[in-house]
Amino acid sequence: MKLIADEQILFESPDPAGIYCYTPAILVGENRRLIAAVDLGGPGTAALEGPRSRSGDYQAGNQIRIFLSDDGGESWRESASRLPMMHETLFRTSSGLWMLGHSGALMISRSTDNGESWSAPAVLESEHHHHQSCGRVDIHNGRVYAVYEQSLGNHSWPDVAPVLMSAPEDADLADPANWTFSKRFDPRPALAMAAGVGLCATRFPAAYETPGILETNVVRMHNPASCFYDPSGRSVLLLMRAYTGYENLAAALRGVELEDGSLKIERYLLPDGRVPFLIPFPGGNMKFHLDYDPVSRLYWMVASQADGIHSNRRRLRLLYSPDCLNWTEAGMVAVGPSENGSRHYATLAFFGEDLVVLSRSGDRRAKSAHDNNLTTFHKVRNFRSLIG
């Protein structure tokens, strides 16, 4: 399939064997500035200048770096801030730019100068160990909705449970008192039921791995014809990677804001009596990212294409859908040069007539398909012309 995007190396690891480029996040700021964040992890991060997270992919901890472009991604420069967090998510409100992340504890940082500088991270929740990747944040009727996951404490992977969190958009989001958190949704009973009917593998390649759901996107359904549509506006669709041993399955849950302002995560109960959980979803076995485009009235997504190999991370494709159930492939964003040359864990943003993508990537020097040495920037020009 023909490539539909340009590719540019935004960041290259100074030590491919020991410093890895993990979570990429991208955001459009004021005056069409592009803000990109890169999460660096690996045993070699001990040699990096600047602060590192206390909890990380390796004992040395992780570090987030921020890059800025004022010419549509043609050139980039690094901001002065280096943040001791990992698994970052970027979003923008009327009060500035925000970055959620964690160092075990859930944390948040703010920029009031369009990404030039960032505050020291404030702790929002420290009783649990957190996890995520860059997922979609929903902003609706003056409130912010996001999901981070908490460890269930069983020392297996992924072994996490999603928590829905919300705060007033115009509040000080660095103050934990302004946030409301749901109870975590324990997916293990639903996964056990799925295993009983053959939708989950009962054995995994490594002894510490078990079925799980993770890396959640918070999605508001705008299509009244969708079974996920809520005319009251009080619920959001939570779409997440389903680690089941099978390709092209994702998990769908419902995040609800109750009348008293509290939050809840639950399974959907459809009018016909169905209670969906694992749903057919292209690339749902790997981390994916999507957003709603009000111009085309479609959801656009970047996701990995497995091609019959469950662990394949080389091929990154763009898809669109009216309802997050029925997807059409728009084209291939990027293809890596080798098995270790991943193009995956990507994040997208709408940039006028174009769509921009930041990818966790590698070349032939990468340690593995997971431990990558590059962050690449991609631009799909006139992306809406790809609608068939």
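Helices (H or I, at least four residues) and strands (E, at least two) are taken as DSSP runs numbered from the N terminus. The model is a predicted one, in which local features need pLDDT of at least 70 and side-chain atom pairs count only at pLDDT 80 or more, while totals for chains, interfaces and linings use all residues. Residues are numbered from 1 along each chain as its sequence is written.

Helix 1 spans residues 188–196, and within it Ala190, Leu191 and Ala194 are buried (under 20% relative accessible area, with exposed meaning over 50%, for a 1.4 Å probe and protein chains only). Viewed down the helix axis, these buried residues fall within an arc of 100 degrees and so line one face of helix 1, the arc being that of the directions from the axis to the C-beta atoms. The face turned away from the buried side carries the exposed residues Pro189, Ala192, Met193 and Gly196. The buried residues of helix 1 pack against strand 15 (212–219) and strand 19 (278–280), contact meaning heavy atoms within 4.5 Å. Just after helix 1, Gly198 adopts a positive phi of about 85 degrees.

The largest pocket holds about 1100 Å³ of space, and of the 47 residues that line this pocket, Trp157, Glu209, Arg313, Tyr345 and His370 are the closest to its centre. A pocket is here an open set of points on a 1 Å grid over the protein atoms alone, where a 1.4 Å probe fits, with protein on both sides within 12 Å along at least five of seven lines, and lining residues have an atom within 4 Å of a point; a volume is the space filled by probe spheres set on the points, which are joined across faces, edges and corners.

Conventions. Side-chain values use heavy atoms; hydrogens and water are left out.
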